[in-house]
Amino acid sequence: MTEPKNLMTADEIRALVVAAVADPSVNLSIPLTMSLAFREGMRSDVLARLKRGDYHPAVGEAPGSLTYQHGEQVRSVSLSPESELLLAAYLKR
């Protein structure tokens, strides 16, 4: 069995995120949605219902997180640094 190949290295992804955040003409909802779906495994129907209050920023060494309703359960997902950077910038715009 072969290992799946990454299209981009972690450094390339980080550089792309930083460039997207720095450019005010970039619509951050698209890379944010992709990051939350692919990095954190969140489903698109959940992403459509998220609210600003569902985001809990990182504090010290603890990563940021999102809480969301899944059926009758409340779930929480830790955010990767890239997703958190995109989400924070998206909420500021």
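Predicted model: local features only at pLDDT ≥ 70, side-chain atom pairs only at ≥ 80, totals over all residues.
**Ground rules.** Residues are numbered from 1 along each chain as its sequence is written, and side-chain values use heavy atoms, with hydrogens and water left out.

**Entry 1: salt bridges.** I looked for a side-chain nitrogen of Lys or Arg within 4 Å of a carboxyl oxygen of Asp or Glu. How many salt bridges did this rule give? The count is 3.

I began with Asp11 and Arg14, whose side chains form a salt bridge at 3.1 Å, N to O. Both sit in helix 1 (residues 10–22), and because they are 3 residues apart, about one helical turn separates them. My helices and strands are DSSP runs, numbered from the N terminus (helices: H or I, at least four residues; strands: E, at least two).

I then checked exposure, calling a residue buried under 20% relative accessible area, exposed over 50% and partly exposed in between (1.4 Å probe, protein chains only). Asp11 is exposed at 57%, and Arg14 is partly exposed at 38%.

Next came Arg14 with Glu82, a salt bridge at 3.1 Å, N to O. Arg14 lies in helix 1 and Glu82 in helix 4 (residues 81–92), so this pair ties together parts 68 residues apart in sequence. Is Glu82 buried or exposed? Glu82 is buried, with a relative accessible area of 5%.

Glu82 also meets Arg39 in a salt bridge of 3.5 Å, N to O. This pair again links distant parts of the chain, 43 residues apart: Arg39 is in the loop between helix 2 and helix 3 (44–49), and Glu82 is in helix 4. Arg39 is partly exposed at 36%. Put together, Asp11, Arg14, Arg39 and Glu82 are linked in a network of salt bridges.

**Entry 2: Ser83.** I moved along helix 4 to Ser83, which counts as buried because its relative accessibility is 0%. Which side chain does the side chain of Ser83 meet in a polar contact? The partner is Ser35, at 2.5 Å. For polar contacts I took N or O atoms within 3.5 Å; within protein, one must be able to donate a hydrogen and the other to accept it, and residues adjacent in sequence count only if both atoms are side-chain atoms. Leaving out residues up to four places away in sequence, Ser83 touches Leu32, Ser35, Leu36, Arg39 and Glu40 (heavy atoms within 4.5 Å).

Entry 3: Strand 2 (residues 65–70) and strand 3 (residues 73–78) run antiparallel and are joined by 6 bridges; pairing needs at least two DSSP bridges. Gln69 stands opposite Val74 in strand 3. The two strands form a hairpin with 2 residues between them, and Gly71 in the turn has a positive phi of about 65°.

Entry 4: I finished with Phe38, which is in helix 2 (residues 29–38) and counts as exposed at 69% relative accessibility.
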